[in-house]
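This report describes the architecture of one protein chain and then turns to selected residues. The sequence and the model are shown first.

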Amino acid sequence: MREKLTKSDVEKIQAEIEHRKLVERKELIEAVKEARSHGDLSENFEYHAAKKEKNRNESRIRYLERMLKTAIIVEDHSKADEVGLNNTVEIYCEDDDEVETYRIVTSVRGSSLNGLVSIESPIGKALLGHKEGDRVYVKVSDDYGYHVVIRKVIKTESEDEDRIRSY
């Protein structure tokens with residue numbers, strides 16, 4: 001799947017790749033060398049743990065590089081009164097009779113448990129481009145959906161408090 005990323009997402013991913021290559025890789029290689037020097041490798045737990053951690057780091061680097069290679073760069077083109085990328089939205093859920101607050105983010109930063117809703121999610125797709133007071137239908141599947149009312153849209157300029165998820 002091609003990830004939709006902002007320029008800020010790309011910069012954060014590039015910084016993580018650089019850190020993993022220049023700092024963590026060296027430390028992990030040294031840890032493997034150190035553990036190898038402790039003798040019999042067949043029974044050396046420290047060696048196997050260090051090797052596993054080194055491989056995990058290399059996998060993460062490959063994953064991030066592949067993500068950047070196939071990513072689609074997105075920008076927020078919403079008007080001042082519309083829901084857009086990185087905006088915080090307060091909605092009223094009619095079915096639950098509850099008010100919920102979400103921030104609309106790219107899929108790589110989405111975390112519904114933390115109030116970060118992806119632009120790829122059903123609710124993220126439904127809210128984009130709508131205004132305060134709009135009643136919006138959130139289509140979850142072909143047979144199910146629900147209505148929400150947008151109570152407040154808070155424009156956000158900065159993505160600083162968001163962090164790329166680690167897998």
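## Basis of the description

The model is predicted: local features require pLDDT of at least 70 and side-chain atom pairs pLDDT 80 or more, whereas totals for chains, interfaces and linings use all residues. Residues are numbered from 1 along each chain as its sequence is written, and side-chain values use heavy atoms, with hydrogens and water left out.

## Overall architecture

The chain contains three helices and seven strands; helices (H or I, at least four residues) and strands (E, at least two) are DSSP runs, numbered from the N terminus. Their order along the sequence is β-α-α-β-β-β-β-α-β-β. The C-alpha trace spans about 70 × 30 × 25 Å along its principal axes. The radius of gyration of the chain is 21 Å, while a compact globule of 167 residues would have one near 15 Å. This radius is taken over C-alpha atoms, and the globule rule is 2.2 Å times the number of residues to the power 0.38.

Of the 167 residues, 38% are buried. Buried means under 20% relative accessible area, exposed over 50%, and partly exposed in between (1.4 Å probe, protein chains only). The accessible surface of the chain is about 10300 Å², and carbon and sulfur atoms contribute 50% of that surface; areas come from the Shrake-Rupley method with a 1.4 Å probe, and for residues only the protein chains shown count as cover. Among contacts (heavy atoms within 4.5 Å) with a separation of 6 or more, 57% join residues 24 or more positions apart.

## Helix H2

Helix H2 comprises 26 residues, 45-70, and its first and last C-alpha atoms are 38 Å apart, close to the expected 38 Å. The expected span is 1.5 Å times one less than the number of residues.

The buried residues of H2 include Tyr 47, Asn 57, Arg 60 and Met 67. The buried residues of this helix pack against strand E1 (4-5) and helix H1 (7-36).

## Glu 3

Glu 3 lies in the segment before E1 and counts as buried because its relative accessibility is 13%. Beyond its neighbours within four places in sequence, Glu 3 contacts Tyr 63, Met 67, Ala 71, Ile 72, Ser 107 and Val 108.

The side chains of Glu 3 and Ser 107 form a polar contact at 2.5 Å. A polar contact is a pair of N or O atoms within 3.5 Å; within protein, one must be able to donate a hydrogen and the other to accept it, and residues adjacent in sequence count only if both atoms are side-chain atoms.

## Positive phi angles

Most residues other than glycine have a negative phi. Asn 86, not a glycine, has a positive phi of about 70°, and Asp 97 likewise has a positive phi, near 55°.

Asn 86 sits in the loop between strand E2 (72-73) and strand E3 (88-93) and is buried at 6% relative accessible area. Asp 97 belongs to the loop between E3 and strand E4 (98-105) and is exposed at 54%.

## Aromatic pair

The structure holds one aromatic pair. Its members are Tyr 144 and Tyr 146, whose ring centres are 6.3 Å apart and whose planes meet at 40°, so the pair is tilted. Rings of Phe, Tyr and Trp (its six-membered ring) pair if their centres lie within 6.5 Å; planes under 30 degrees apart count as stacked, over 60 as edge-to-face and the rest as tilted. Tyr 144 is partly exposed at 44% relative accessible area, and Tyr 146 is partly exposed at 21%.
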